[in-house]
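Some terms used for protein structures rest on cut-offs, and the questions here ask how a computed value leads to each term.

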Amino acid sequence: MKCSFCGYDETKVIDSRLTEEGDAVRRRRECPSCNKRFTTYERSYEIPITIIKKNKETQPFDRQKLLNGLIRACVKREIPVQILEKIVENIENELRNQYKYEVTSKQLGEMALKRLKELDKVAYVRFASVYKKFDDIKKFTEELAELEK
Ligand SMILES: [Zn+2]
């Protein structure tokens, strides 16, 4: 961080704390060249993830919406909602770690399916029936047969 008085390249951080609102870091800096002190505020912005739907429409990634979809698929399967929250978190982390800020609804669905498959077969098929929108009953029964192997 450049000194705002003399333009010296390196300033020393002498104090660093979260603002009261908790949304920024307040840093007190000192310039080793002119010895003046100044304060900077640093904020981190979360880059939104965009979902591209089949019809090319886009919508922001919505954790709650994905979670609701998982909850619906897991009705009466006695799966703690915390596990489903973890799945949502895990999916979001995977996207962010790969710097994928645009993902198709199909890719997102596949990511959820991969995790549900390991968790609960019934929930997997239910979720698949919504996400994959099985065009015909044949495909759906094929998928079921695949699972029973
Ligand atoms: Zn300076």
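A residue counts as buried under 20% relative accessible area, as exposed over 50%, and as partly exposed in between. The model discussed here is a predicted one.

Q: What makes C31 buried or exposed?
A: The relative accessible area of C31 is 0%, and because buried means under 20%, C31 is buried.

Q: Which atoms coordinate the zinc ion?
A: The zinc ion is held by the SG atoms of C3, C6, C31 and C34, at 2.2 to 2.3 Å, and donors are N, O and S atoms within 2.8 Å of the metal. Along the chain these donors follow the spacing C-x2-C-x24-C-x2-C.

Q: Why is the arrangement around the zinc ion called tetrahedral?
A: The 4 donor atoms subtend angles of 104 to 118°, and because four donors count as tetrahedral if all angles lie between 85 and 135 degrees, the arrangement is tetrahedral.

Q: Why does the pair C6 and C31 tie together parts that are apart in sequence?
A: C6 lies in the segment before β1 (12-18), while C31 lies in the loop between β2 (25-30) and β3 (37-42), so the pair ties together parts that are 25 residues apart in sequence.

Q: What makes β5 (58-60) and β6 (102-104) edge strands?
A: In the open sheet, whose order is β5-β4-β6 with mixed pairing, β5 and β6 each pair on one side only.

Definitions and conventions
Residues are numbered from 1 along each chain as its sequence is written. This is a predicted model: local features need pLDDT of at least 70, side-chain atom pairs count only at pLDDT 80 or more; totals for chains, interfaces and linings use all residues. Side-chain values use heavy atoms; hydrogens and water are left out. Two strands pair if DSSP finds at least two bridges between them. Helices (H or I, at least four residues) and strands (E, at least two) are DSSP runs, numbered from the N terminus. Donors are N, O and S atoms within 2.8 Å of the metal (3.2 Å for Na, K and Ca); water is not among the atoms, so sites may look incomplete. Four donors count as tetrahedral if all angles lie between 85 and 135 degrees; four count as square planar and six as octahedral if opposite donors are over 155 degrees apart and all others between 65 and 115; anything else is irregular. Buried means under 20% relative accessible area, exposed over 50%, partly exposed in between (1.4 Å probe, protein chains only).
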